[in-house]
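The following note sets out some points on the two-chain assembly for the attention of a colleague. Please read each point alongside the coordinates.

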Amino acid sequence: MGKPIPSGVLEIEGPHETNPMNPIGPELLARLLNEHGAALVLYARQWCNTPEDVVQEAFLQLIRQERAPDRVVAWLYRVVRNRGRSMSRSQARRQRHESAASCHGEPYFLPAEDDALDAATASRALDELPIEQRETIVARLWGGLSFDEIADLTETSISTAHRRYQAGLAALRMRLENPCPQKNET
Amino acid sequence: MSAEERDVKPAELPPALKSLEAALASLVPRTPSLDRDRLMFEAGRQAAVRSQAGPVCRWAWPTLAAATMAAALLVVLLVRPAAPGADRIVYVPVDPQPARLTPGSLPNETPDRRGSEPKGAVQAMAPMFDIPARAAVAGAPHAPAPYFDLRDCLLSREPQLWRLPGQNSAGSGLPTEPASYAELRDELLRGSASG
């Protein structure tokens, strides 16, 4: 399940740093699966229709590592991003895939318990964001990565990562306030 | 977008965006359908493989490196290339004609096969006879002694010079050889009386 994030200002706990000398064991793998499996699948869904396969291969690649990465969560997101992009390139066209995924894919989230935000509406609004903003928001909100890690992941600066995050949130707010937003609005 | 907006910190989001952020964070992503059993099996298998092959892997590279170095040194030792030799050309001056013996060029004393050689004998005889310089070189201790060469030369050329007093020397002006002991004694006595 997704990692619980406190309301208000997001103070996400630090990255899962591991001892680089120790390889990934079953205990750490189980903890990573429980805490980050769902968010990783959500992150991989930004690029491909088979996000579970991408995340599965990423975890297998992590298991085969002789030494654990310094920041194992950020490492997993990087592997998922690379594999997802590679899989997206292997498909016919990225735009076609994204439109198909947004039209026929399942909602990204489970139904909310407090009815504060409709999960299906949020999924659609998130789908309409540009990929740069979308992956930044997913990595930050549900992945728990810091802006430093997101900048390293997306190969941009920290200020660019934060700018994308803020712009994405603003666009989501507009879409969520307006149930029928225009497609070309950014 | 201005530079101030670009440098804004994450905590400086507008309040409306902060509330949206919190609402979005409350959404729970769908549970993935990952093959958890396969992942755990792979993790356990890899851990077992590492625990078995760990000590070997730690020593594999140092052992291989040391063995390679030892083999290389052995090959170098066995197939050692020959020391580079340089042909050296030595020019030895050779006199076109053998040098003549001069009184000043002879050594004072040369080794003798029978002992000491008469001092100054070669010096005295050198002007009179042609003696090769090789026989009188001081740096050639195993060369034939010049004394004996000189003696043989003298004996062969001037036998009359070595006749004793009283010997018969017809035509040479030397005294005749005494025939007996008495004649020799008398001749010696005459010589001592006259001298």
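Helices (H or I, at least four residues) and strands (E, at least two) are taken as DSSP runs, numbered from the N terminus.

1. Basis of the note. This is a predicted model, in which local features need pLDDT of at least 70 and side-chain atom pairs count only at pLDDT 80 or more, while totals for chains, interfaces and linings use all residues. Residues are numbered from 1 along each chain as its sequence is written, chains are lettered from A and ligands numbered from 1 in the order in which they are written, and side-chain values use heavy atoms, with hydrogens and water left out.

2. Architecture of chain B. The elements of chain B run α-α-α-α-α-α from the N terminus on, that is, 6 helices and 0 strands. Of its 195 residues, 22% are buried (under 20% relative accessible area, with exposed over 50% and partly exposed in between; 1.4 Å probe, protein chains only). Where contacts (heavy atoms within 4.5 Å) in chain B link residues at least 6 apart in sequence, 42% of them join residues at least 24 apart.

3. Extent of the interface. Chain A brings 50 residues to the contact and chain B 35 residues. The buried area (the accessible area, 1.4 Å probe, that two parts lose on being put together, summed over both) is about 4,000 Å², and carbon and sulfur atoms give 70% of it. Leu27(B), Arg30(B) and Arg50(B) supply 18% of the area that chain B buries against chain A, more than any other three residues.

4. On the chain B side, helix H2 (15-25) and helix H3 (36-78) each supply at least two residues that touch chain A.

5. The buried residues of H2(B) are Leu17(B), Leu20(B), Glu21(B), Ala22(B), Ala23(B), Leu24(B) and Ala25(B). Their cover includes helix H5 (119-127), helix H6 (131-141) and helix H8 (158-177) of chain A.

6. A residue of H5(A). Ser123(A) lies in helix H5 of chain A and counts as buried because its relative accessibility is 4%. Beyond residues up to four places away in sequence, Ser123(A) touches Pro107(A), Tyr108(A) and Phe109(A).

7. Buried positions of H3(A). Among the buried residues of H3(A) are Trp75(A), Arg81(A) and Ser88(A).
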